[in-house]
Structures are given as C-alpha cells and as structure tokens.
Amino acid sequence: MDTAVVVRRGVPHGAEEQIAALYWEAFGRKLGAALNPPGRGRAFIARHLHHDRAVVALAADGKRVVGVAGYRLGGRGLTGGGVRDVLSAYGFLRGLPRLAALSLLERSPESGELVMDGIAVDPAGRGRGVGSLLLTEIAAVAAEHACSRIRLDVIDVNPRARALYERHGFDAVRTEQTPYLRGLMGFGAVTTMHRAVPARPGEGNTGSLEEQER
C-alpha cells in the first residue's frame, strides 16, 4: 500500500484536466466513438464533471491526481454533459451519432444502489494499492448513503480490473456478449458485478436516494 497517497472525496477545483486525462487514458477506446478526437474528448469531460461524484487519490504534494473513481448516485455521475452539450461541442450532424454511442454506456442505479462510473489509476501508480484505496472509500460512500449494494461493469479486455474487484468482494452476476461493439469500442463482452454493502448499526434507508441528496 502506498502510504504517500491521500484519498479524498470530490474533484479538487483546478484538477479537472488531470481527471479527464486519467479517464481518457483508461477508457479512451470506449469513449472515443462518442468523443473523439482525443483532445476535444478530454476537454469535454473536464468541462462537464460533477465534482461531488468522485473519490480521488492525490500524491503527497496534494496537487497531482494519481487515481480517481467515479460513481453514480441520486441521478448524477462523475461524467456529465447532456444532449445540448454534445450538440454544442460537436455540431448537430456529428453530434447525433455521438449521442447514440454515449447511450450505449449509460448505467442507471436501481433503488438502494450505487453504480461505479469507472476507476482510473495513473500508469506510474499502478500496483501500489491506489485502486484498493479508492474502492474502500467508494464502499464508505455507499454505506453512508444507505445503499445495499455497489454495482459496476467490467469489460472482457480488462482482466486486471476484474481481479481487483474480485479481491474487494465483487461477484459476477451476469455477462452480456457485445460483439457488435468490438470494432467500435474495443470490447466484446461486459460483465456486471455486485458487492453487498452491510447496513450500519442503527441506520436504515429512510428515503429514496433522491431525497437523501437534497
């Protein structure tokens, strides 16, 4: 475990481009169909982040982001940008097919569920426990919001990420074959994984996630 890393909640102001760069490095092949070219895609991500929907790992200096885990809760995820934003950034004719590609990546939480919106670690920081620190904090976020489980999707070309999730108690519940996406986004199957979130003593889910977010 890297003791020089500090984990905090929320995207620090001024770190938006770092977050976008990490996301693009991790998911650029998947996101490229909707947001290419890379420079414009990273700029779009940075411009439309929801700052309160992430857990980040910072280097000891507190300035450099070495890892980020986004999540979707209460109707919002880390990466934002709606129909109007996409059409404004890419134009109407080029924007429409990009919206269709983005719709393939949409994942909406069920009641009592936190959905992970991606985890990305700087290549230089991999193998040092950063991903584990992020997942531990995500579990704490889920528990504080009275979620009963965490859900995520992992693609078939990322076995390292799946191994990390399994070490943290995630179990595969179903696999969807997506051969039609292999040429477009680089993967041919998506596995959905769940991790139960134990209820805290004396706490219960007294309202919807939307109500708790108000």
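1. Let's start with Arg 9, which has a relative accessible area of 32% and is therefore partly exposed. Please keep in mind that this is a predicted model. Arg 9 pairs with Glu 137 in a salt bridge, and their closest N and O atoms are 2.7 Å apart. Glu 137 is partly exposed too, because its relative accessibility is 22%.

2. Have a look at Asp 52 next. With a relative accessible area of 37%, Asp 52 is partly exposed. Arg 53 counts as buried, because its relative accessibility is 3% and the cut-off for buried is under 20%. Asp 52 also meets the side chain of Arg 76 in a salt bridge (2.8 Å, N to O). That pair links distant parts of the chain, 24 residues apart: Asp 52 is in the loop between α2 and β2, and Arg 76 is in the loop between β3 and α3. Arg 76 is partly exposed, at 29% relative accessible area.

3. How many salt bridges does the count come to? The count is ten. A network of salt bridges links Glu 110, Glu 113, Arg 149 and Arg 151.

4. The largest nonpolar core holds 31 residues, and Ile 19, Leu 35, Ile 45, Val 56, Val 65, Val 68 and Leu 78 have the most contacts inside it. At least two residues of this core come from each of α1 (16-35), α2 (38-47), β2 (54-58), β3 (65-72), α3 (83-90) and α4. The most, nine residues, come from α1. Another core, of 30 residues, lies apart from it and includes Ala 59, Val 66, Leu 135 and Phe 170.

5. Val 56 deserves a click in your viewer. Leaving out residues up to four places away in sequence, Val 56 touches several others, among them Val 6, Val 7, Pro 12, Ile 19, Val 65, Val 68 and Leu 134.

6. In α2, the buried residues are Gly 41, Phe 44, Ile 45 and Ala 46. Their cover includes α1 and α3.

7. Finally, the surface. Phe 92, Leu 93 and Leu 96 make up a nonpolar patch there, with about 350 Å² of accessible area together. Phe 92 is in helix α4 (residues 92-103) and counts as exposed because its relative accessibility is 54%.

Note on methods:
Residues are numbered from 1 along each chain as its sequence is written. This is a predicted model: local features need pLDDT of at least 70, side-chain atom pairs count only at pLDDT 80 or more; totals for chains, interfaces and linings use all residues. Side-chain values use heavy atoms; hydrogens and water are left out. Patches are made of residues with over 30% relative accessible area and no salt bridge: like charges are joined within 9 Å, nonpolar side chains (Val, Leu, Ile, Met, Phe, Trp, Tyr) within 5 Å. Accessible areas come from the Shrake-Rupley method with a 1.4 Å probe; for residues, only the protein chains shown count as cover. A salt bridge is a side-chain nitrogen of Lys or Arg within 4 Å of a carboxyl oxygen of Asp or Glu. Helices (H or I, at least four residues) and strands (E, at least two) are DSSP runs, numbered from the N terminus. Buried means under 20% relative accessible area, exposed over 50%, partly exposed in between (1.4 Å probe, protein chains only). A nonpolar core is a set of buried Ala, Val, Leu, Ile, Met, Phe, Trp, Tyr and Cys residues joined through side-chain atoms within 4.5 Å. Contact means heavy atoms within 4.5 Å.
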